[in-house]
Amino acid sequence: MAPLINVFGVSPDRQSELVDLLAHATEETMKNQPSFICANFHAFLDGERVIDYAQSQSEDHYRAMLTNPEAGDHMDKAATIASDVQPRLYRAAPSHRG
């Protein structure tokens, strides 16, 4: 599994617009990618950031999604709303529950 955490900096007056765009992109394009597992969006209470936590089956699948023109269009639109975009892939580590 290849978790992606993408932190978007955004002005508070555009935070909900960004969340709506990310949700729409997920429904329209991302969830139809062969590697898609899930996506979750977290809007900071101060309005200045949105986190997109998404999972794909592998890093190779994620990189293939980046070549999809529809996915690129959605990411370009998000970049016009956000003041900063910081996508990073991670390795999943064991979780601990109490």
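Tutor: Axes are lines fitted to C-alpha atoms, for helices over the stretch in contact, and angles run from 0 to 180 degrees between N-to-C directions. The structure discussed here is a predicted model.

Student: At what angle do α1 and α3 pack, and are they roughly parallel or roughly antiparallel to each other?

Tutor: The axes of α1 and α3 lie 10 Å apart, and the packing angle is about 175°. Angles over 145 degrees count as roughly antiparallel. The two helices α1 and α3 are therefore roughly antiparallel.

Student: Which residues of α3 make the contact with α1?

Tutor: By class, the contact of α1 with α3 has six nonpolar, two polar and three charged residues. From α1 come E17, L18, L21, L22, H24, A25 and E28. The residues supplied by α3 are H74, K77, A78 and I81.

Student: What is the strand order of the open sheet, and which strands are its edges?

Tutor: The sheet has four strands with antiparallel pairing, in the order β2-β3-β1-β4. An edge strand here pairs on one side only, and this applies to β2 and β4. Neighbouring strands are turned against each other by 15° on average, direction ignored. The edges are thus named as β2 and β4.

Student: Over how many bridges do β1 and β3 pair?

Tutor: Within this pairing, V7 has I51 in β3 as its bridge partner. The sense of the pairing between β1 and β3 is antiparallel, and the number of bridges is eight.

Student: Which strands does α2 touch where it packs on the sheet?

Tutor: The direction of α2 makes about 145° with that of β4. The strands touched by α2 are β1, β3 and β4.

Student: Which residue in the turn of the β2 and β3 hairpin has a positive phi?

Tutor: β2 and β3 pair in the antiparallel sense over seven bridges, and F41 stands opposite D52 in β3. Five residues lie between the two strands of the hairpin. In that turn, the residue with a positive phi, about 80°, is G47.

Student: How many nonpolar residues are in the lining of the largest pocket?

Tutor: The largest pocket has a volume of about 420 Å³. Its lining comprises 27 residues, with L4, M30, D52, M65 and M75 nearest the centre. Elements that each supply at least two lining residues include β1, α1 and α3. Seven of the lining residues are polar and one is charged, while the nonpolar residues number 19.

Terms used
Residues numbered from 1 in each chain as written. Predicted model: local features only at pLDDT ≥ 70, side-chain atom pairs only at ≥ 80, totals over all residues. Heavy atoms only, no water. 1 Å grid on protein atoms, 1.4 Å probe; cavity = no way out; pocket = protein on both sides within 12 Å on 5 of 7 lines; lining within 4 Å. Points joined across faces, edges and corners; volume = space filled by probe spheres on them. Nonpolar A, V, L, I, M, F, W, Y, C, P; charged D, E, K, R; others polar. Pairing = 2+ DSSP bridges. Contact = heavy atoms within 4.5 Å. Parallel < 35°, antiparallel > 145°, perpendicular 65-115°, else oblique.
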